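Colleague: I would like to go through this model feature by feature. Please give the general idea each time, then the case at hand.

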Amino acid sequence: MVKHVDAIIVGAGWAGSIMAKELTEAGLSVVMLERGAERTTPVEGAYPESIDELRGAIRKRLFQNLSQSTLTIRNTMDQTALPYRQLAAFLPGEGVGGAGLHWSGVHFRVAPEDLRLRSAIIERYGEKFIPEGMNLQDYGVSYDELEPFFDKAEKVFGTAGEAYKVQGKIVGDGNVFSPDRSDNFPLPAMKDTFSASVFRDAAKNAGYHPYSLPAANASRQYTNTYGCQMGPCNFCGYCSGYDCYLYSKASPNVNILPVLRQDPRFSLIPNAHVLRVDLDSTKTKATGVTYLDTKTRKETSLSADLIILGAFQFHNVHLMLMSGIGKPYDPVSNTGTVGRNFVYQTITSSRVWLPPSTYTNQFVGAGGAGVAIDDFNSMNFDHGPLGFVGGSPVWVNQAGVKPIAAALGAGGGGTPRWGSAYKDSLVNTYKHSLGIDAHGSNMAYRDVYLDLDPTWKDAYGQPLLRMTFTWKDNDIRMNQYVVSKIEPIARAMGATKMNLVHLNAGQPFDTRTYQTTHLGGGAIMGENPQTSAINRYLQSWDVSNVFVIGSNAFPQGMGYNPTGMVAALAYWAAHHIRATYLKSPGPLVKA
Amino acid sequence: MKKTLFIAVILGAGLTRSAAAQEADTATLEKGRYLAAASDCAACHSVHGKPEYSGGVSFSLPMGKIYSTNITPDPEHGIGRYTEAQFSRAVREGVRRDGSTLYPAMPFPSYARMTDSDIHALFVYFRKGVPAASVATPDNEIKWPLSMRWPLTFWRWIFAPTPHKAITRTAGEFTDPQLARGAYLVEGPAHCGACHSPRAITMQEKALTADGGSLYLSGGAVVDGWTPPSLRQENRTGLGRWREEDIVAFLKTGRAETGSVFGSMTSAVLHGTQKLTNEDLRAIAHYLKSLQAADQSQTAWTYDPTITDQLHKADLSSRGARVYIDRCAACHRTDGKGYPAVFPPLAGNPVVMQTDPVSLVHIIQAGATLPAMTAAPSSFTMPAFNHKLTDQQIADVVTFIRHAWGNNASPVSAEEVEQFSKSMPPSDMADDTPALN
């Protein structure tokens with residue numbers, strides 16, 4: 001007999017945990033399936049084992065086990081894709097908390113015009129401004145519609161920041177480009193590290209508009225809207241890649257799951273790798289899911305009225321393709337939607353050395369803290385003469401360089417990798433340098449997409465997902481332009497040496513070095529079922545009792561970190577499920 | 001037609017009566033459930049992983065090991081064959097159905113204070129609200145001649161009050177209804193004195209009530225490696241600086257601005273006090289605040305910033321300061337104030353200043369996990385340091401904590417730490433069952 005519940009949620013990360021909380025509040029029985037292991041901060045996050053860098057960032061404790069399932073990657077459609085066998089360029093999470101456990105905590109809202117980028121570009125520069133082959137699209141949802149859900153998420157995450165405008169009134173020294181807010185941040189901004197304060201001064205003197213990064217790292221002890229508690233951050237630097245032993249970095253494990261675990265309507269099954277969403281014979285209704293217990297290799301089917309896909313971005317796309325939800329994207333005919341508009345982000349990290357009398361102490365840091373400027377992000381500057389779409393915030397986000405990373409990063413580029421010169425370089429870089437990032441957008445292109453690999457299979461016999469991705473001229477030129485703006489700021493900061501890094505013309509995507517885990521798209525939201533896989537409520541156009549929550553919904557890669565947007569979209573979708581869908585299940589938007 | 005109507009009326013009346021009776025039954029059963037929590041029956045009669053109240057918790061006594069019994073309604077192994085009178089006698093007087101005397105690990109001298117109506121509710125709950133579990137109680141491991149129970153009868157005659165005396169005494173202590181309710185709960189079902197009052201050589205609590213003298217709740221002997229602190233108004237080692245709302249928060253959520261629960265008390269909050277109404281918790285707090293200090297000699301604790309200033313200037317010359325900075329300060333801060341209700345303060349914390357440092361040494365050795373509570377779902381872990389710090393380092397840091405920020409307790413030696421490590425309680429992580437976060 002197949003066990004029946006009201007709702008099944010795939011994935012125990014932010015998206016899944018938010019949906020589980022909302023649906024149990026609505027009175028539904030919810031089973032959450034997580035491919036990886038159970039993870040709880042009082043057990044695994046206990047100090048000091050949790051901040052063992054060798055187990056953590058080097059041996060990738062919290063990340064996906066690629067020996068069981070991975071994806072294949074190629075740059076262009078004429079190449080043969082090969083499996084991504086070692087975690088490097090991006091790091092999907094695995095286990096309860098997902099990427100929400102190992103993230104750093106930068107917690108942005110969204111630049112309103114990024115939600116309607118196609119319309120904004122056409123209004124300002126005309127349709128011809130959009131390069132051939134770029135699938136530029138609007139989200140189909142506005143900032144004003146999402147605002148209450150950004151606010152709700154920040155109060156759950158315990159987000160620290162300084163607002164600029166609240167209910168139309170300028171209230172503080174926040175980001176002048178940021179939109180109006182209904183309320184302030186729940187916690188005051190994180191303090192500037194020394195390096196961030198130097199950047200703040202130099203950027204301000206250059207006429208830019210520096211602001212404190214919004215951080216889901218608690219600047220004070222905090223009890224969130226669910227009664228879950230956070231301790232304050234002490235800038236230990238073990239955020240990205242670690243479960244925060246101070247309970248300061250927001251995670252599903254600290255901020256939502258403690259209260260969910262007490263709810264009798266909720267159950268969580270770890271080590272449950274979902275193989276497919278089961279559909280009825282019409283292929284328009286999901287009946288449940290089938291998952292594999294990764295310990296026993298036993299298959300189990302569960303039935304449910306409502307299915308939420310809340311796995312990592314490309315796993316959501318993979319599950320849709322494996323289940324036959326929606327039409328797979330075909331880049332040749334430019335038809336189908338699942339796999340379309342796969343996007344990433346451009347990120348280049350430059351390094352600046354200050355005089356030996358100043359100490360940046362790179363071991364100090366917090367994943368979400370720092371100072372940024374938005375003067376070259378989104379539509380905040382004139383793209384007309386520049387001829388590209390998109391932009392980048394620029395920031396000093398000193399997240400804490402751990403010892404092994406510092407040692408591995410020293411030397412090279414003309415400096416020996418051993419001996420006293422290496423040691424001098426290591427010490428000098430650790431004590432006196434700082435990083436400045438251009439963390440920018442990445443547009444969608446017709447020949448950049450996800451589909452099923454024709455050759456490679458995972459440990460469970462399913463075809464791997466295939467990623468076809470490389471850098472395109474528009475994004476390379478955008479990155480180069482923004483990085484060119486870093487140099488004068490760095491000089492004003494008193495740089496004695498700088499290593500400015502940007503993408504180069506024709507440079508292909510290289511999977512061997514870490515860039516960012518901010519993958520997006522592939523099952524995007526939109527207003528047209530011909531060009532989007534899910535509607536503006538993140539509901540599948542094709543199977544209306546399936547909602548697909550995550551950065552898979554982003555039509556373009558934006559300049560901001562995605563988690564804040566994912567959380568707001570989850571609350572947005574949940575709101576409409578509760579307010580409308582549950583009363584009358586069916587499509588929330590007529591196709 | 002008339003007949004049908006008549007029958008319907010009769011049936012209707014019958015239904016109404018039985019519905020009301022049912023409601024009353026449910027109310028009694030729920031009252032019993034509440035009293036079982038207030039009496040913390042689960043702490044001794046429930047083992048994780050076994051049916052609730054099926055017994056089997058072991059108690060290591062000087063003369064050997066005894067096990068708590070199955071108190072589910074199972075007729076063979078439990079109390080299914082107990083009449084209410086027999087149940088009452090066991091709970092309040094320590095006499096089993098077969099007439100033999102219970103070991104006074106069962107706090108019947110406290111339960112003796114429970115009213116007949118409360119005992120009735122408790123009986124109804126244990127008969128109808130708890131599923132029967134056919135789990136046999138392990139045999140006690142006490143060798144003859146100490147295994148003979150008849151001497152316990154004399155103990156009972158000498159030290160255990162009769163229910164009538166006990167009820168009258170506790171009820172007569174206070175006229176203020178809130179204090180009276182607090183006294184009833186603390187001296188009766190909650191049996192706080194079982195751990196928090198000193199015992200004589202013959203094992204009876206030296207006082208069982210507020211009017212029994214200032215030794216009552218003045219701190220007990222080590223239980224499972226933890227020293228129960230005084231619950232009286234000593235300024236430094238008691239609850240002198242805890243406000244009523246701190247006590248309420250502590251009992252409701254296991255955490256307060258003044259400190260967090262750890263050790264054996266964790267289970268008492270988890271299974272017991274967190275389930276009490278705020279009104280009852282306020283009564284308990286109000287009552288505890290009325291108990292004058294047993295030790296009147298303590299000077300008032302005031303915060304002393306000397307050590308904080310030293311640490312802020314990176315002066316680590318004080319004994320244990322370096323260990324404190326490396327291992328403790330991240331959560332408990334250089335000023336020792338912690339982050340209240342998340343990471344407890346060490347400055348001025350009565351547990352830190354207890355004469356006997358064993359609790360402090362043990363929490364550093366074994367760590368502690370504050371479990372999720374209904375009203376505070378977050379769980380926090382203090383890590384175990386027994387494999388990370390030497391006895392000397394633990395002695396140094398304990399000494400540091402005990403004299404920093406205005407604290408004034410005695411130093412601790414490495415030899416003492418080594419000695420304490422033999423009685424180190426198992427880590428909360430040991431059974432893999434910390435409340436999940």
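Colleague: What radius of gyration would a compact globule of 437 residues have, and what does chain B have?

Modeller: The idea is to set the chain against a globule of equal length. In this predicted model, a compact globule with 437 residues would have a radius of gyration near 22 Å, and chain B has 24 Å, so the two agree. The C-alpha trace of chain B spans about 95 × 60 × 45 Å along its principal axes.

Colleague: Which other totals describe chain B?

Modeller: Burial and contact range. Of the 437 residues in chain B, 46% are buried. Among the contacts in chain B with a separation of 6 or more, 65% are between residues 24 or more positions apart. Chain B has 17 helices and 7 strands.

Colleague: How should the confidence values be read?

Modeller: Where pLDDT is low, the predicted coordinates should not be read in detail. For chain B the mean pLDDT is 91, with 94% of the residues at 70 or more. For the complex, the predictor gives an ipTM of 0.90 and a pTM of 0.94.

Colleague: Now a single helix. How many of the 10 residues of helix H10 of chain B are buried?

Modeller: One counts the buried positions, then looks for what covers them. Helix H10 (residues 244-253) of chain B has 7 of its 10 residues buried, and is mostly covered. The buried ones are B:Ile247, B:Val248, B:Ala249, B:Phe250, B:Leu251, B:Lys252 and B:Thr253. Their cover includes strand S4 (255-256), strand S5 (259-260), helix H11 (265-271) and helix H12 (278-289) of chain B. Just after H10(B) comes B:Gly254, with a positive phi of about 75 degrees.

Colleague: Let us turn to sheets. What is the strand order in the open sheet of 4 strands in chain A?

Modeller: A sheet is read by strand order, then by the direction of each pair. Here the order is S4-S3-S20-S19 (chain A), and the pairing is mixed. Strand S4 (82-83) and S19 of chain A are the edge strands, each pairing on one side only.

Colleague: Which bridges hold the pairs that involve S20(A)?

Modeller: Strand S3 (residues 71-74) of chain A runs parallel to S20(A), joined by 4 bridges. In that pair A:Leu71 is opposite A:Leu465, and A:Thr72 has A:Arg466 as its bridge partner. Strand S19 (residues 449-457) of chain A runs antiparallel to S20(A), with 5 bridges; there A:Tyr449 is opposite A:Thr468. The hairpin of S19(A) and S20(A) has 5 residues between the strands, and in it A:Gly461 takes a positive phi near 90 degrees.

Colleague: Why is strand S20 of chain A described as largely enclosed?

Modeller: Because 5 of the 6 residues of strand S20 (residues 463-468) of chain A are buried by the rest of the structure.

Colleague: Which backbone angles in chain A deserve a look?

Modeller: The peptide bond between A:Tyr47 and A:Pro48 is cis, with omega about -5 degrees; A:Pro48 is in the loop between H2 and helix H3 (54-58) of chain A. A:Ser378, not a glycine, has a positive phi of about 50 degrees. A:Ser378 has 22 other C-beta atoms within 10 Å and is therefore buried.

Definitions and conventions: Residues numbered from 1 in each chain as written. Chains lettered and ligands numbered in written order. Predicted model: local features only at pLDDT ≥ 70, side-chain atom pairs only at ≥ 80, totals over all residues. Buried ≥ 20, exposed ≤ 12 C-beta atoms within 10 Å, placed from the backbone. Helix = DSSP H or I, 4+ residues; strand = E, 2+ residues; numbered from the N terminus. Pairing = 2+ DSSP bridges. Contact = placed C-beta atoms within 7 Å. pLDDT = per-residue confidence, 0-100. Rg over C-alpha atoms; globule rule 2.2 N^0.38 Å.
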